[in-house]
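Trainee: I have a new structure to look at. Could you take me through it step by step?
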Amino acid sequence: MTTTTDAAATAYGLRVIAEARADDAAAPPPPLPGFAASGFNPLVAEAADRCLAAHHGQPPAPGRTALLLASTSGDRATARAIDESAEPGRRPAPLLFFQSNPNAVLGHIAARWGLTGPVVAIRPAETAPGRIPADALDHAALLIADGDADRVLVIAAEETAQGPHRAVAALLAL
């Protein structure tokens with residue numbers, strides 16, 4: 001079956017090894033240890049786990065796989081929680097500082113799957129829900145072409161105002 005990602009990836013000289021989607025329409029993904037205040041990071045991890053499991057089965061994933069997170073919205077709920085915790089008279093929760101870095105969830109995925117490639121987070125110029133943005137495909141192709149990785153797991157995740165929040169993950173190679 002050819003996916004939307006297949007056609008877009010081909011334009012960058014990439015092939016899709018595996019692809020998976022996750023959303024919180026029916027139910028939120030399982031909680032992620034160390035992440036609170038938001039469903040964004042668990043959603044990113046769920047899409048990544050599904051994609052990697054589709055190709056590798058269980059962890060670890062052999063070879064050099066880079067991780068690339070593309071999101072125009074980012075983790076809005078955590079950003080709001082940090083803003084609220086910084087109000088006068090409130091004490092900020094240390095856990096919020098950890099998860100405010102978009103690479104934190106990628107570190108969790110890398111550790112769980114034994115991934116040894118670079119970890120990158122970008123804010124693409126634009127994205128469509130459920131699709132890997134062109135900026136992310138371009139970055140993935142560069143990571144492989146530069147020899148930094150053999151494969152790239154690209155995760156595009158967006159929080160929407162009305163929901164559901166969506167993530168798509170694609171494992172890409174040349």
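Mentor: Let us begin with a term: a contact means heavy atoms within 4.5 Å. Please also keep in mind that this is a predicted model.

Trainee: Among contacts between residues at least 6 apart in sequence, what share joins residues at least 24 apart?
Mentor: In the protein chain, that share is 74%.

Trainee: How many helices and strands are there?
Mentor: The protein chain has six helices and five strands. Their order along the sequence is α-β-α-β-α-α-α-β-α-β-β.

Trainee: What about the interior, then? Which residues of the largest nonpolar core touch the most other members?
Mentor: That core has 29 residues, and those touching the most other members are Val-44, Leu-67, Val-105, Ile-109, Leu-115, Leu-153 and Ile-155.

Trainee: Which elements give two or more residues to this core?
Mentor: They are strands E1 (15–23), E2 (65–70), E4 (151–158) and E5 (166–173), together with helices H2 (40–56) and H5 (103–113). H2 gives the most, with eight residues.

Trainee: Back to Leu-67: what does it touch, leaving out residues up to four places away in sequence?
Mentor: Leu-67 touches Leu-106, Ile-109, Ala-110, Leu-115, Pro-118, Val-119, Val-120, Leu-153 and Ile-155.

Trainee: Which residues does the second core include?
Mentor: The second core is separate and has 21 residues, among them Ala-140, Leu-143, Ala-170 and Leu-172.

Trainee: On another topic, what percentage of the chain is buried, and what is the accessible surface?
Mentor: Buried residues account for 45% of the 174 residues in the protein chain. The accessible surface is about 8,500 Å², and 54% of that belongs to carbon and sulfur atoms.

Definitions and conventions. Residues numbered from 1 in each chain as written. Predicted model: local features only at pLDDT ≥ 70, side-chain atom pairs only at ≥ 80, totals over all residues. Heavy atoms only, no water. Core = buried A, V, L, I, M, F, W, Y, C linked by side-chain atoms within 4.5 Å. Buried < 20%, exposed > 50% of the residue type's maximum accessible area, 1.4 Å probe, protein only. Helix = DSSP H or I, 4+ residues; strand = E, 2+ residues; numbered from the N terminus. Areas by Shrake-Rupley, 256 points an atom, 1.4 Å probe, with all protein chains shown as cover.
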